[in-house]
Amino acid sequence: MKIRIWLVLIGLLALALVGCRSNPVHNVEGTPISTSTSGYSLREVRDAIQQAGVSLGWQMQDIKPGLIVGTLYLRDHMAQVEIPYSRSSYSILYKDSQNLNYDGANIHSNYNGWIQRLNGAINAQLSRL
C-alpha cells in the first residue's frame, strides 16, 4: 500500500515538473535602430515603441524621455519590462512578473515568446521611421 502511495506521489510530482516550462529570462539589450533615414527624433522612436507594444496588447507608460515601462496582462499572468531607448538603440529588460514562476534567473517560457514578439514589432515600427 505504501509503495502505491509513493508511486502516485512521484507520478504527480513528475507531471507538475513537466508542466512547468521555464527558461532563462530573455533580455534584449542594445539593439541598434535600423532605418533608411537619419532625421528622426527621440519622440518618433518613443512613438514607434509605444505603437508596437500597444498593437500586441501591452500597456505602455512613458516614464521619462528615454524610458518606457510596458506591462502585459494575459489571463492571471502579468509581465512588466523596462524599455530604455535612444536615437541609436533600445533594450527590453525584465522588470517584474506575476504567476510566471520567476526565480531570479528563469521564467515561464511564454514570457520569452512575448518578448520576442514585442522586439519584432518594435523593429518593424522603427524601420518605418
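These exercises walk through one predicted protein model, each with a worked solution.

**Ground rules.** Residues are numbered from 1 along each chain as its sequence is written. In this predicted model, local features need pLDDT of at least 70 and side-chain atom pairs count only at pLDDT 80 or more, while totals for chains, interfaces and linings use all residues, and side-chain values use heavy atoms, with hydrogens and water left out.

**Exercise 1. The whole chain**

Task: State how many helices and strands the protein chain has, and give their order.

Solution: 
- Step 1. Count the elements. The protein chain has three helices and seven strands. Helices (H or I, at least four residues) and strands (E, at least two) are DSSP runs, numbered from the N terminus.
- Step 2. Read the order. From the N terminus on, it is α-β-β-α-β-β-β-β-β-α.
- Step 3. Check burial. The protein chain has 129 residues, and 37% of them count as buried. Buried means under 20% relative accessible area, exposed over 50%, and partly exposed in between (1.4 Å probe, protein chains only).
- Step 4. The accessible surface of the protein chain comes to about 7,900 Å². Carbon and sulfur atoms hold 54% of that surface. The areas come from the Shrake-Rupley method with a 1.4 Å probe; for residues, only the protein chains shown count as cover.
- Step 5. Look at contacts, meaning heavy atoms within 4.5 Å. Take those between residues at least 6 apart in sequence: 54% join residues at least 24 apart.

**Exercise 2. Two packed helices**

Task: Describe how α2 and α3 pack.

Solution: 
- Step 1. Know what to look for. Two packed helices are described by the angle between their axes and the distance between the axes.
- Step 2. Find the helices. α2 covers residues 42-55, and α3 covers residues 109-127.
- Step 3. Take the values. The angle is about 135 degrees, and the axes are 8 Å apart. Axes are lines fitted to C-alpha atoms, for helices over the stretch in contact, and angles run from 0 to 180 degrees between N-to-C directions.
- Step 4. Classify. Angles under 35 degrees count as roughly parallel, over 145 as roughly antiparallel, 65 to 115 as roughly perpendicular and the rest as oblique. α2 and α3 are therefore oblique to each other.
- Step 5. List the partners. From α2 come Val45, Ala48, Ile49, Gln51, Ala52 and Gly53; they meet Leu118, Ala121, Ile122, Gln125 and Leu126 in α3.
- Step 6. Sort by class. The contact of α2 with α3 has eight nonpolar, three polar and no charged residues. Here Ala, Val, Leu, Ile, Met, Phe, Trp, Tyr, Cys and Pro count as nonpolar, Asp, Glu, Lys and Arg as charged, and the others, Gly among them, as polar.

**Exercise 3. Loop residues**

Solution: 
- Step 1. Recall the rule. Most residues other than glycine have a negative phi.
- Step 2. Read the values. Phi is near 60 degrees in asparagine 99, a positive value. Phi is near 55 degrees in asparagine 101, also positive.
- Step 3. Asparagine 99 is in the loop between β6 and β7. Asparagine 101 lies in the loop between β6 and β7 as well.
- Step 4. Aspartate 76, in the loop between β4 and β5, is in contact with Gln98 and Asn99, leaving aside neighbours within four places in sequence.
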